[in-house]
Amino acid sequence: RVGAMGGPQHGPEFSVAEERMLEGTWPMDLIRDPTKQPRVVTDPGEFLRELLIGEHLNDCVVLPGGVDLLDMRLDQTFPDDVRQCFESSDTVASFLTSLRSQPNCAAYKLRLMYLDHNKRRQKEVTGSVISPQIRKDTIVEKIDACLEDLNAQRFDANLLYVTELRHQNTLRHPLSGEKVKTIVRKDIKDELGNWAKWTSYWDRFDEGIFVGGRFSGKALHVDQVLWSNVGKNWAGNKLVALWPPGQPSIDVLDDLQNSLFTPPLTRQEANALRSASTIAFVRPGDVFFFSGGVSHTVLSVSPELSLTGYESFCTLNPRQLDFFLSTGDDRIQHYDFGMPEDEFEDLKDDLMDAFEDMVDEDRQAHPTEGGTREPGWWRRGYKDPQLLDTLRRFYSQGLRRILQDAYIRKNAASSVLEVGGGAKRAKCGDS
C-alpha cells in the first residue's frame with residue numbers, strides 16, 4: 001500500500017487467503033504487474049480531492065476501507081429488507097428467492113445477466129429461456145423466469161449476476177431531498193456536501209446495485225456515456241480490468257464485447273488482459289473510482305457474494321470534461337455502445353444546469369463557510385486552501401469548452417453565456 005497522497009505501487013501484497021482466492025482466476029503475473037496497479041490513496045480527504053480535480057482516464061483510484069472511513073456501512077445505507085436478504089444469502093439464486101418473498105419486493109427493479117456458454121457472451125434475462133417470446137418486465141416476473149430456468153439447468157447458476165437494483169419509482173432522497181431511484185441512503189455525493197456542486201454532472205438518480213458470486217461479473221463493455229464511476233464495495237472481492245481510452249478500447253470491444261472473463265480464459269481473453277492498462281484487486285469495504293468511458297470488465301472472485309453500488313459523475317477536470325463531451329464520437333467510443341444523440345442532449349441540459357448553479361454557488365460563501373453544510377471529510381480535518389481556486393480555474397476552462405458544443409451554445413442560460421464570454425465577471429480562478 002502507499003501513503004495518503006497515493007501514487008504508483010510496486011506490486012500488490014496479498015494475504016495467504018487472498019493468494020488462494022486468486023488462484024485459477026486471471027494470470028497472476030498480470031494481477032501482480034506493477035505497471036498495471038491502481039493508484040491507492042489512504043486519506044479520505046485526499047481521495048475525494050483527487051475525485052474532484054484529478055485526471056483518471058487511464059487509472060483506477062482506490063480508498064482502502066473507504067466504506068468505514070466515509071461512514072457508508074451496509075447497516076447505515078441500505079433498506080433493511082434488501083440488506084437482510086443479502087446477509088442471509090450465499091448465492092445469487094438464494095438472494096433472489098429471499099427478495100422475491102419480501103412484501104415490498106415489487107417496489108424494486110433489477111436486471112439479471114447470465115452467460116451463454118456456447119459463445120461465452122453475457123446476456124440478459126428478459127424472458128424465460130424456456131419461453132423467450134414472453135417478455136418479463138416486473139421484478140417478480142424476472143425472478144420467476146430466472147428461477148424457472150435455473151431449475152431446468154438452462155444456464156449456470158454460479159454465473160448469474162444481478163445488475164442495476166434500484167427502486168421502481170422515484171422517491172425523495174433522505175439526505176438531499178432530490179428525486180432518486182437509488183436504494184442507497186448515503187452516497188459519495190452526500191459526503192462531498194456542497195463541493196459536489198462543483199462537478200459538471202452527477203447521477204445517483206439511477207445508481208445501481210450489483211450482486212454476484214464467484215466468477216460472475218460484468219462482461220466487457222464501455223458505458224453509454226463517457227463519464228466516471230465511483231463504486232462502494234460493501235462485500236466480496238473483485239478484479240477490475242480497464243483498457244486505455246480511444247482506439248485500444250474500441251479494438252478490444254471489436255473482438256470481445258459482452259465477453260465475461262470467467263476462468264478458464266480463452267487464449268484471446270488472456271491476450272486481451274495483457275493489453276489492459278489497469279488490473280485492480282478490490283477488497284471488501286474499498287471505495288474506488290475509474291472512467292466508465294474506457295473498456296472495462298469486472299469479475300467477482302471471493303467465495304462469498306459481492307455487493308457493490310456505483311454513482312456516475314463528470315468533474316470539471318478539463319480532460320475528464322472533454323472526454324464526457326466526446327460521447328457518441330466513434331473515434332473515441334465504440335459505435336455499439338454510445339447513447340442516442342437526443343438522450344445525450346438531455347444530459348447536456350443537466351450539464352448546463354450544473355454550470356449555471358456553479359455561477360450562483362461562486363457568488364455565495366466558500367463551501368465550508370457562511371453556514372453552508374460542511375461535508376464530513378472536511379469536518380474530519382482535511383483542508384486544502386487551493387481546492388476552490390483550482391475548481392474556479394477548471395470552471396472557467398470548462399465554460400469555454402462546453403460553449404464549443406453547438407447544442408449547448410444554442411440553449412445555455414444567459415448567466416452561463418455571460419460568464420463564458422467574460423462580459424460580467426472576471427474569469428473564475430484566474431485572479
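Start by selecting glutamate 124: at 24% relative accessibility this residue counts as partly exposed, where buried means under 20% relative accessible area, exposed over 50%, and partly exposed in between, using a 1.4 Å probe and protein chains only. You are looking at a predicted model, in which local features need pLDDT of at least 70 and side-chain atom pairs count only at pLDDT 80 or more, while totals for chains, interfaces and linings use all residues. Residues are numbered from 1 along each chain as its sequence is written, and side-chain values use heavy atoms, with hydrogens and water left out.

**Stop 1**

The names H and E come from DSSP runs, numbered from the N terminus: helices are H or I with at least four residues, strands are E with at least two. Is lysine 142 buried or exposed? At 10% relative accessibility, lysine 142 counts as buried.

**Stop 2: a network of charges**

Next, select aspartate 187 and arginine 204. Their side chains meet in a salt bridge, 3.0 Å from N to O. Arginine 204 sits in strand E8 (residues 201-212), and aspartate 187 in the loop between strand E7 (179-180) and helix H9 (188-192), 17 residues apart. Arginine 204 is buried, with a relative accessible area of 1%, and aspartate 187 counts as buried at 0%.

Lysine 232 is buried, with a relative accessible area of 0%. Which residues do salt bridges with shared partners join into one network? Select Glu178, Asp187, Lys189, Asp190, Arg204, Glu207, Lys232 and Glu311 to see it. By the same rule, the count of salt bridges comes to 31.

**Stop 3: strand E10**

Serine 228 has serine 291 in E13 as its bridge partner. Then show strand E15 (residues 306-314), which also pairs with E10 in the antiparallel sense, over seven bridges. Lysine 232 stands opposite glycine 309 in E15.

**Stop 4: an open sheet**

Move on to four strands that form an open sheet with antiparallel pairing, in the order E9-E14-E11-E12. Strand E9 (217-221) and strand E12 (278-282) stand at the edges with a single partner strand each, so one side of each is left without a neighbour in the sheet. On average, neighbouring strands of this sheet are turned by 15° against each other, direction ignored. Angles run from 0 to 180 degrees between N-to-C directions, and axes are lines fitted to C-alpha atoms, for helices over the stretch in contact. Inside the sheet, select E11 (residues 238-242) and E14 (residues 296-300): five bridges join these antiparallel strands. Valine 240 has valine 298 in E14 as its bridge partner.

**Stop 5: two packed helices**

Select helix H6 (residues 80-87) and helix H7 (residues 92-100). They pack at an angle of about 145°, with their axes 8 Å apart. Which residues make the contact? They are Val82, Cys85 and Phe86 of H6, with Phe95, Ser98 and Leu99 of H7; contact means heavy atoms within 4.5 Å.

**Last stop: glutamine 247 and the whole chain**

Glutamine 247 is found in helix H10 (residues 247-256) and is partly exposed, with a relative accessible area of 43%.

Finally, zoom out. The chain has 17 helices and 15 strands, and 58% of its 431 residues count as buried.

Technical notes. Pairing = 2+ DSSP bridges. Salt bridge = Lys/Arg side-chain N within 4 Å of Asp/Glu carboxyl O.
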